[in-house]
Amino acid sequence: MLTKKEQKQYNRHLILDKIGEEGQLKLKQAKVLVIGAGGLGCPVLQYLTAAGIGTIGIIDDDVVDQSNLQRQVLYTIDDIGKSKAQTAANRLSKLNPFVQFHVYQEKLTNQNAISLFEKYDVIVDGSDNFATRYLTNDAAVLTQKALVYGAIFKFEGQVSVFNYQGSATYRCLYPTPPKPEESPNCSEIGVIGVLPGIIGSLQANETIKIICGIGEVLANKLLMYDTLSMRQMILKFEKMDKAEITELDKDYEFFCGIKAATHEITLEELQNNQSAYNLLDVREDWEREQHHIGGQHIPLGELPNRYQEIATDKPVVVYCKSGVRSQRAIEFLEEHYNTIAFLNLKGGLK
């Protein structure tokens with residue numbers, strides 16, 4: 001039963017004909033895992049917390065960066081450098097004290113996905129890369145969990161629900177991932193700040209519908225939203241037999257074309273012998289202004305025209321925020337230099 005304080009908290013749900021006390025109790029008993037506490041995760045977490053989901057899991061290994069504040073509205077300038085997952089849980093607990101939060105300050109991998117998913121009823125994907133999306137999809141299928149999907153790109157967004165009562169999965173919609181160079185993230189191409197708020201709210205809406213058993217869930221459907229024209233379109237797609245999943249892939253980054261660096265160096269190893277290397281920062285200008293560890297600065301997009309400027313008298317350690325852009329830079333540089341050793345800063349500055 002709901003306490004008197006809970007009845008007051010959820011009054012607008014309790015008087016709503018399709019939810020009422022029965023629906024609110026379903027929300028209270030539900031357990032939802034949100035992957036990522038970033039652009040999509042923030043609105044998802046806010047509205048699921050406000051709705052009264054009884055248990056919410058948050059998994060994210062990132063920390064708050066000043067560039068996040070343009071769209072990740074759970075955080076403030078005082079949160080820079082703090083764990084996103086823990087900061088989000090701390091703030092959300094003040095919004096609704098009746099919700100229990102489980103914080104996982106770690107990356108979702110093929111080692112922890114199954115055991116995590118088994119603890120929850122619904123999975124909400126707020127990730128920003130294809131490797132995590134395929135991993136999330138496969139783990140949801142293997143644990144028989146509904147997966148609420150959202151994605152954003154510049155001014156456009158997508159929402160769908162996968163593996164709901166045997167419906168189609170992410171692999172039915174996207175059997176093969178795009179090439180890494182064809183799928184830049186928002187740190188490389190930007191995103192309008194309100195877009196993740198819109199798409200994340202729609203994901204929260206689908207989650208509530210699934211739990212309460214109301215409305216038409218976006219299963220076998222892809223909602224596409226354009227903020228510039230305000231047009232919405234729903235595409236239907238079918239479940240594919242070929243998309244059957246029997247186990248997790250051993251390496252989702254390899255599957256998505258993200259090659260592991262041939263040679264990596266940790267920040268500690270670099271600091272212990274920094275004079276032995278030249279450094280190359282391939283981040284954007286604004287990132288460089290916020291923080292750097294020295295060395296030359298050539299943004300990844302300018303590298304094809306400026307790679308000859310790189311000092312090659314020593315092995316070159318290439319770095320970025322997370323290690324992805326620096327790996328792309330190394331792949332390019334190795335095509336033009338066959339006598340110079342390039343090392344990727346493992347994990348980047350993050």
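Which residue in E4 does Ile35 stand opposite? I looked it up: Ile35 faces Asp125 of E4.

Before going on, I noted that this is a predicted model, in which local features need pLDDT of at least 70, side-chain atom pairs count only at pLDDT 80 or more, and totals for chains, interfaces and linings use all residues. Residues are numbered from 1 along each chain as its sequence is written, and side-chain values use heavy atoms, with hydrogens and water left out.

**Sheet.** I checked the strands that carry this pair. E1 (residues 31–35) and E4 (residues 122–125) pair in the parallel sense over 4 bridges; two strands pair if DSSP finds at least two bridges between them. Helices (H or I, at least four residues) and strands (E, at least two) are DSSP runs, numbered from the N terminus. I then read off the whole open sheet, which has 8 strands in the order E3-E2-E1-E4-E5-E6-E7-E8 with mixed pairing. E3 (100–104) and E8 (231–236) stand at the edges with a single partner strand each, so one side of each has no neighbour in the sheet. On average, neighbouring strands are turned by 15 degrees against each other, direction ignored. For angles, axes are lines fitted to C-alpha atoms, for helices over the stretch in contact, and values run from 0 to 180 degrees between N-to-C directions.

**Helices on the sheet.** I found H4 (residues 41–51) packed on the sheet, where H4 touches E1, E2 (55–59), E3 and E4. Contact means heavy atoms within 4.5 Å. The direction of H4 makes about 165 degrees with that of E1. H7 (residues 130–142) lies across E1, E4, E5 (146–153) and E6 (156–162), and runs at about 165 degrees to E5.

**H4 against H10.** I looked up how H4 meets H10 (residues 195–212): their axes come within 7 Å and cross at roughly 40 degrees. The two helices are therefore oblique to each other, the class left over once angles under 35 degrees count as roughly parallel, over 145 as roughly antiparallel and 65 to 115 as roughly perpendicular. Residues of H4 in this contact include Tyr47 and Leu48, and those of H10 include Gly200 and Ala204.

**Positive phi.** I listed two residues. Asn163, in the loop between E6 and H8 (170–173), has a positive phi of about 55 degrees although it is not a glycine. Asn163 is buried at a relative accessible area of 14%. Asn220, in the loop between H10 and E7 (221–226), has phi near 60 degrees and is partly exposed at 28%. Buried means under 20% relative accessible area, exposed over 50%, and partly exposed in between (1.4 Å probe, protein chains only).
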